[in-house]
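Hello,

Here is the structure I promised to hand over. Please open it first, then read my notes below.

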Amino acid sequence: MRGLIAFSLFCAAAGSVVRAAQVLRPRGVPLSKASFYDPSRDFSCLDGSGSIPFSYVNDDYCDCQDGSDEPGTAACPNGFFHCTNAGHAPLTLPSSRVNDGVCDCCDASDEYASSANCLDVCRELGRAAREEAAKKREEHLEGYQLRQAMIEDGHKRKKEAESKIEELQKEKEEADTVRTEKEELKKVAEEPEKEALEKYRTADSEKKAEENAQQKEKYEGEAREAFAHLDNNADGLLSMEEMMSRQTFDTNRDGQVSEEEAKFYLNQEETLTLDTFISTGWPLMRPVYRMDQRMFTPPSTTTAAPPPMEEELTPPPPVFDEEDPYMSDDELDEEEEEEMEENLDSQPDAEDDGSDDAEDYDMPDEDSDDKDDEEEEEEGDVPKEEEEEEEPKYDEDTQKLVDVANAARGQFDEADRRVRDLTRELRSLEETQVKDYGSEEEFRVLEGNCYDYTDREYTYRLCPFDKATQRPKSGHGETRLGQWGEWSGQEGDKYSRMLYSNGQACWNGPTRSADVHISCGTENKLVGVSEPNRCEYVFLFTSPAVCTKPEEDPSEETAHTHTEL
Ligand code: MAN
């Protein structure tokens, strides 16, 4: 019975595939193993585990441990079924799929005893697959040709960069020389300018010193006059009594000069000599004294004055009251008064030795301004237009020297700028020369370009050899995902991946990075981006640069399929 079934299966198998002069073999056996299935001999299990009469092959009973006696049935759990799929690609299935009601083989051979009614569709599928493969191959070939162009372009650019570097180096040498010359000329022009301005400054400060001396003289003259006026008994000492005899010093306007009031103006001394008067007493009393001198009408009553208050027993500070109704605006030199008030503030205090030292006078001093000017000029700054307009302060000869120096500074600045520009340009070109643009410079042409990909939330950008970024579609701010790092493909396939690292730090996480996977395509294009782990991005980039040479004979596989027939 077993033998009969096996024979019929063998014939059925032969019948389903046999064309003229083709190799007969049991169902499910690939051509490569046909010789092991010889119906004129016993069958030896392919793993050598035993031998059985040939009639036991495909008898739906599993005899061999490796399942090799049942290639065309589902009897062995570890067996395999091979479908020839003439017209398309052969297929090997686990034998459990035989007659399971599902069409696995396109030639329908796996469902010979089922009700699945499978049809042989291998020819149509084969044609579509071949067309698809041809298209792919075509693209691959085009990509490969484009790669050749990229290689050529890369080499060309490298050479151009080399000669540009040489050119720039020469230009920079020349620019250095020009800069040195201009620097020298600037020094030469600045020397007389500095001298001329120095004289100017000296003349200026001499004038100011003279003015100061005059002012001091005037101030002291006034003081002497006042001293003589106040020193009633002309004994060369200004005493408490003499002070108390003057209504001028009735600061709180209670009708009499108290001891405290008198003492305040004597700088807490009992008496003052002329010298101590000039340095300590006069600065205190000058405002009230002068005001009193200038009043049109002396106050006959105290009605205009505020009533004296308890606390005013302590002598109030001699405040100059600009609102005072008895003051003559015409006569009072306000500026001078203010100036003297300033002087009052800076008078030496009671602990001071009180010596009449000119340095104790805080006369107007513009030295500090001068110093600023000098510093600015020493730094080579061209005087500002505004300042020039405000102060046409130089004589013709000096102005000429300043103009010449300004011109020399301008020329030096220009020469200096040129050197810096050339240095920058050279540095960036030299950097490109040491970058790895692929084994044949095939990626060099990508430098300077950027490629975008937009998904639902973000627009991603890849600028090869520079950076990878992410920008929300809402448009707020760009996130740096990484700077160009290195080629990161596996050994032998180094140029299939790029790593962009050290991007913006992820909140509570690592710095962002982008891993760029490059596959063959006819375009340099960013075709997808994902973020498989938070802040770790995978970019899918296609480029002809990675297209390898397509196989010579694309129909090899099909030919192999046909030989099985
Ligand atoms: C931003 C984007 C995201 C990232 C989060 C992490 O929203 O950069 O891609 O996952 O930050 O906080």
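Where is the place of Leu 119? Leu 119 is in the loop between strand E4 (91–94) and helix H2 (122–230). Keep in mind that this is a predicted model.

**Surface**

Leu 119 is exposed, because its relative accessible area is 66% and the cut-off for exposed is over 50%. Leu 119 also belongs to a nonpolar patch on the surface, with Val 121 and Leu 125. Together the three have about 270 Å² of accessible area.

Strand E10 covers residues 479–487, and strand E11 covers residues 497–502. The two pair in the antiparallel sense, over five bridges. Look at Gln 483: Ser 501 in E11 stands opposite. E11 is also joined to strand E12 (residues 513–520). That pairing is antiparallel too, with four bridges. Here Arg 497 stands opposite His 517 in E12.

**Aromatic pairs**

How many aromatic pairs does the structure hold? The total is 19. One of them is formed by Phe 443 and Trp 487. Their centres are 4.7 Å apart, with 50 degrees between the planes, and the pair is tilted. Phe 443 lies in the loop between helix H9 (396–434) and strand E7 (451–454), while Trp 487 lies in strand E10. The pair therefore ties together parts that are 44 residues apart in sequence.

Are these two residues buried or exposed? Phe 443 is buried, at a relative accessible area of 0%. Trp 487 has 9% relative accessibility, so Trp 487 counts as buried as well; the cut-off is under 20%.

Phe 465 and Trp 484 form an edge-to-face pair. The distance is 5.0 Å centre to centre, and the planes are 70 degrees apart. Phe 465 sits in the loop between strand E8 (458–463) and strand E9 (467–472). Trp 484 is in strand E10, so this pair links parts 19 residues apart in sequence. Both Phe 465 and Trp 484 are buried.

Now select the cluster. Ring pairs link Tyr 437, Phe 443, Phe 465, Trp 484, Trp 487, Tyr 495 and Tyr 500. Both pairs described above have their rings in this cluster.

**Charges over rings**

There are two cases to view. Arg 27 lies over the face of Tyr 112, 3.5 Å from the ring centre. Lys 186 has its charged end over the ring of Phe 412, at 5.3 Å from the centre.

Best wishes

Methods:
Residues are numbered from 1 along each chain as its sequence is written. This is a predicted model: local features need pLDDT of at least 70, side-chain atom pairs count only at pLDDT 80 or more; totals for chains, interfaces and linings use all residues. Side-chain values use heavy atoms; hydrogens and water are left out. Patches are made of residues with over 30% relative accessible area and no salt bridge: like charges are joined within 9 Å, nonpolar side chains (Val, Leu, Ile, Met, Phe, Trp, Tyr) within 5 Å. Accessible areas come from the Shrake-Rupley method with a 1.4 Å probe; for residues, only the protein chains shown count as cover. A salt bridge is a side-chain nitrogen of Lys or Arg within 4 Å of a carboxyl oxygen of Asp or Glu. Buried means under 20% relative accessible area, exposed over 50%, partly exposed in between (1.4 Å probe, protein chains only). Two strands pair if DSSP finds at least two bridges between them. Rings of Phe, Tyr and Trp (its six-membered ring) pair if their centres lie within 6.5 Å; planes under 30 degrees apart count as stacked, over 60 as edge-to-face and the rest as tilted. A charge sits over a ring if NZ of Lys or CZ of Arg is within 6 Å of the ring centre and within 35 degrees of the ring normal.
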